[in-house]
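I opened my notebook to look at one model.

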Amino acid sequence: MKKYDLLILGFGKGGKTLAKTASAQGKQIAVVEQSQKMYGGTCINIGCIPSKTLVHEGLESGSFNQAFELKEEVVTALNKKNYHNLADDENITVLDYKASFKSNTEVDLLDEQGKVVDTLTADDIVINTGAIPVIPDIKGIKESKHLYDSTGIMNLREQPKRLVIVGGGYISLEFASMFSNFGTEVTVLEANDKLMAREDKEIVSHAIKDLEDKGVKFELGAQTSEFEDKDGYTIAKTNKGDFEAEAVLLAIGRKPNTDLNLENTDIKLGERGEIEVNNQLETAVKHIYAIGDVKGGMQFTYISLDDFRIVKDKLFGSGARTTENRGAVPYTVFIDPPLSRVGLTAKEAKEQGYEIKEGKLPVNNIPRHKINNDPRGLFKIVIDATTNKILGATLYGLQSEEIINLLKLAIDQNINYTVLRDNIYTHPTMMESFNDLFNI
Ligand SMILES: Cc1cc2nc3c(=O)[nH]c(=O)nc-3n(C[C@H](O)[C@H](O)[C@H](O)COP(=O)(O)OP(=O)(O)OC[C@H]3O[C@@H](n4cnc5c(N)ncnc54)[C@H](O)[C@@H]3O)c2cc1C
Ligand SMILES: NC(=O)c1ccc[n+]([C@@H]2O[C@H](COP(=O)([O-])OP(=O)(O)OC[C@H]3O[C@@H](n4cnc5c(N)ncnc54)[C@H](O)[C@@H]3O)[C@@H](O)[C@H]2O)c1
């Protein structure tokens, strides 16, 4: 049986980065990836990069065909680059198989027929197998020819005239915004009675209005009970009526991908099917780690990357770094314009007992909006009135996906809000709005 120093199951963000780091330490590493189309993982091939390429092209050219062609080029180039980055490294072996645990110490490699072709062992094993879409149990779902997950919808050859999206989360809103920029009629069917329920209510109302102004329709409290195919389209039957569409995107969440025969190990799963880990990402089996989406929690590429930092420190450093060192985690929903958030909303801060001050600035008060030719949006910040520290921010407007990162730093570094208020910023930029936003 071949033995490696480090065995990484899945070519995700954290795993591939760890492979290169371990190689620099002179270790022998095997990375097992079940699909050549997934070298580099979800983000590169079917997640962030293709979706944001389409979002960006939708805004630039509004051409479905141009955007989908460009997306293909970008993904092909990145997939190749990611493969060579590992495979050309003399210490790293990329193995094109599905990994499956035989025991706590042995991993089988399965070919496409599910036949075991080899068995490997290693001092340390890192599970980095990501997440897969949740597919609801709705009548007609298996039979319909017009249903797609986020991967399938990005491989469409023809622009749908009408798109129905089941679910109203991240993927839904980004694809709703993007497809409406291409000129597709979009209807979102969300089961909950609110969209973006955890976000600042006032900002959500602005975002929904802007999406509605593009023509996106929202049906809240919508339960889809059946899909019925007709010639060239399908009918989504719901408690809110019937909705016809040439394409339906199913986007009701993604769940940890634990199809690894974990029952052959002592690894434990949590309530949501995630691999249970401690704050150093060790599973119940000490030499096996789980990183990225498969271990549950926030599903972002930069969380997988931060997981890499923790395992790197455990394997090659002081072992001091844990999941508690992440600080405030920012995120952006790439709708048009983007909605970015870090820390607490005013509601959450009050619920946690803080006495707060709030700052608020409509984007149309920021000189840069004239140059951007886009007055849409609203920036809000929440300050601890007792300590003057920044508790959170929700920025809805152009370039918020960049600016939010500075606020994460300010929160983590415990900077008084007055520092951001009195700082010099270049002009004319969106960030110079901090002089006014923090003037409270
Ligand atoms: C449409 C979409 C848009 C997104 N947009 C963003 C965004 O803008 N920003 C952001 O931060 N996040 C975004 N995300 C989330 C982000 O892509 C994920 O959180 C991130 O890629 C997870 O990385 P990972 O390291 O957990 O593993 P992944 O990158 O998911 O890698 C897992 C790999 O393991 C392989 N694998 C699985 N099982 C096996 C097995 N048994 N044997 C061998 N190989 C296996 C898979 O083929 C895959 O390549 C988006 C996701 C989607 C779907
Ligand atoms: N910009 C980003 O960082 C980005 C972009 C896309 C995806 N992602 C990641 O991918 C993950 C998955 O995205 P997602 O949008 O699939 O999941 P999500 O969890 O964000 O949203 C799912 C939505 O579907 C609704 N829902 C659940 N069951 C339903 C049903 N039967 N009918 C109608 N609605 C239903 C939920 O109420 C929720 O609003 C996200 O959690 C996110 O972490 C991140």
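My entries follow, ligands before helix.

**Ground rules.** I am reading a predicted model, where local features need pLDDT of at least 70, side-chain atom pairs count only at pLDDT 80 or more, and totals for chains, interfaces and linings use all residues. Residues are numbered from 1 along each chain as its sequence is written, while chains are lettered from A and ligands numbered from 1 in the order in which they are written.

**Ligand 1.** I looked up the 37 residues around ligand 1; G10, G12, G41, G130 and G292 come nearest. A residue is near if its C-beta atom, placed from the backbone, lies within 6 Å.

**Ligand 2.** Here I found 24 residues, with G167, G169, I171, A191 and Q299 nearest. Which helix gives the most to this shell? Helix 6 does, with four residues. Helices (H or I, at least four residues) and strands (E, at least two) are DSSP runs, numbered from the N terminus.

**Helix 11.** I traced residues 400–412. S400, I403, I404, L407, A410 and I411 are buried, meaning that 20 or more other C-beta atoms, placed from the backbone, lie within 10 Å of a residue's own. After helix 11 I noted N414, whose phi is positive, near 60°.

Definitions and conventions
Expected span 1.5 Å × (residues − 1). Buried ≥ 20, exposed ≤ 12 C-beta atoms within 10 Å, placed from the backbone.
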